[in-house]
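Reader: I am new to this structure. Please show me how to read it, feature by feature.

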Amino acid sequence: MPRRPAAALATSGEVLRLIRTGEAVTRADIGRVTGLSRPAVSLRVTELLDRGLVVEDSEGPSTGGRPPTRLRFNASGGVVLVAALGASRAQIAVCDLAGEPLARAVLDIDVEEGPDVVLPLVMDTWDELLGDRPASLVLGVGMGVPATVEFAAGRTESARIMASWTGVAIPPIIADRFPAPVFLDNDVNVIAIGEHRAVYAGEADDLLFIKVSTRIGSGVIAGGEILRGALGAAGEIGHIPVRDGGGVLCRCGNVDCVDSVASGTAILRDLRARGHEVKTLADVVSLVRAGDAETMTVVRNAARMLGEVVATSVNLLNPAVVVIGGDVAETFQPLVAGVREVVHRRSTALSTRNLRIERSRLGPGAGITGCAHMVLDHILSPEAVDSPGLHLPRSVRSHG
Ligand SMILES: [Zn+2]
C-alpha cells in the first residue's frame, strides 16, 4: 500500500487557502485539517502574519478561558485592477483581495481605435480610481476583451470585433505602468467566471454560460474552473453549424454557423429583410413587447437554432446550469424559453434530469467580478503564495 504523503507537507500557501475559504480559521482547526503538528502550524501562521496575508481577530475577554484566536485573510491588504472591455464601453474597477469593487467607473470607448488609444485610457482610469492608494498596493491586473485570447501569452487572436488588436500582447504594455502580474481572457470567459463565483459557487460548479449579443459565445466552468482548452479557444460555440439555417454565409467562411443565424446581428438582419425599420436591439424589444407576430417568429426561430447548439453542448458537458446572458437574452424572455424547450427535447435524459436553464442574474457587473477572481485565483493560489515574492505592503497592514 502506498504511503500517504506526510501531512507535514501542507505548505503556508495551503494554510492560507484554508483560512481564505473559511475551512479552518483557528490554529487548532488548521492542525486538525492538515495533520500538522502545533509547532508546524504556528510556523506557517507566523509566516503568513509576517507577510501581511493574514490578520488575527482579537475578540473575547483578555483574561480567563482564552477563546482561540481567529485568523482572517487580509482582503484589504492589497488591490487588483480590472477592466471588462466591450466594443463601445469598458467597465473598470479597483477591487480588494476578496474581489469586491472598492471604486468603479464606466468608460465610453471605441475599441476599434486600437490598443494604443484604449489601453492608456483604461490605465488613466485605474490611476484615478486608485486615488490616494499607493501603487505598491496593486498586486495584479485582469482584463476581459472581446476577442479570442491565447491565455498564457495574454495575446489577442482573431479579434471578433477589434481587428486592430489582433496579435497584440497586452500584459507587457500594462505591466510597464503597473508592475504586477497581468491576466487577460476573452469577455465571455470572464463573465462565466463572474456568474459562477457570485451566484453559483459551491452550488453548481459545472456551468455553461452563453452570451447572446451582437455575437454568440460561451464560457465553460467545469468542476469550478474555467475550461480554456489547449490554447484558450474553448467555448467558441458561435461557429457550430445548425441544421436548416437557410444557407447563410458566416463571416468565418462557413455556412449556417449559429452566430450567423441566431445572434442579435442576425435577428436585426432578418427583421430588416421583412421590412421592419429596426436599428438596434432596443427596437426589437419594443416590437416583442408590442406582440408583433413577425418579430416573435424571427426571435423564436433564433431560439430554436440556438437551442440546437446548446442541446449539443449539454450532451457533451452535462452542466448543472446553463446561464444565458448578453443583450439579447436579457431582453427576450421568448429566446430563453425557446432554448429551454429545444434542449429538453434534444438532450439526453440524464443530462437534463436536473438541468437548470436560467437568465443571467449578474448583469453588467459580471465582467468585473470575473476579472477580479481570474487574477485572485492566480496570485493567491498555494503555488503562488509558496513561491517567494508575495508580501502585502507594510504600509497598509494596519487596515486589516
Ligand atoms: Zn462561422
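Author: Start with a definition: four donors count as tetrahedral if all angles lie between 85 and 135 degrees. Donors are N, O and S atoms within 2.8 Å of the metal (3.2 Å for Na, K and Ca), and water is not among the atoms, so sites may look incomplete. Here, the four donor atoms of the zinc ion make angles of 104 to 118 degrees, and the site is tetrahedral.

Reader: What kind of model is this, and how are residues numbered?

Author: The model is predicted: local features need pLDDT of at least 70, side-chain atom pairs count only at pLDDT 80 or more, and totals for chains, interfaces and linings use all residues. Residues are numbered from 1 along each chain as its sequence is written, and side-chain values use heavy atoms, with hydrogens and water left out.

Reader: Which residues are the protein donors of the zinc ion?

Author: His239 gives ND1, while Cys250, Cys252 and Cys257 each give SG. They lie 1.9 to 2.3 Å from the zinc ion. Their spacing in sequence is H-x10-C-x1-C-x4-C.

Reader: Is Cys257 buried or exposed?

Author: Buried means under 20% relative accessible area, exposed over 50%, and partly exposed in between (1.4 Å probe, protein chains only). Cys257 is buried, at 1%. Cys252 is partly exposed, at 38%.

Reader: Which residues of helix H9 are buried?

Author: Helices are DSSP runs of H or I, at least four residues, numbered from the N terminus. H9 spans residues 281-289, and its buried residues are Leu281, Val284, Val285 and Val288.

Reader: Why are they on the same side of H9?

Author: They cover an arc of only 105 degrees around the axis, so they share a side of H9. That arc is taken from the directions from the helix axis to the C-beta atoms. In general, an α-helix has 3.6 residues a turn, so residues three or four places apart point the same way.

Reader: What follows H9?

Author: Gly291 does, with a positive phi near 75 degrees. Helix H8 (residues 264-273) is followed by Gly275, with a positive phi near 90 degrees. The buried residues of H8 are Gly264, Ala266, Ile267, Leu268 and Leu271.

Reader: Where is Leu306, and is Leu306 buried or exposed?

Author: Leu306 lies in helix H10. Leu306 is buried, with a relative accessible area of 0%. Its C-alpha atom is 9.5 Å from that of Val343, 37 residues apart along the chain.

Reader: How does Leu316 read?

Author: Leu316 is also found in H10, which spans residues 293-317. Leu316 is exposed, with a relative accessible area of 72%.

Note on methods: Helices (H or I, at least four residues) and strands (E, at least two) are DSSP runs, numbered from the N terminus. Four donors count as tetrahedral if all angles lie between 85 and 135 degrees; four count as square planar and six as octahedral if opposite donors are over 155 degrees apart and all others between 65 and 115; anything else is irregular.
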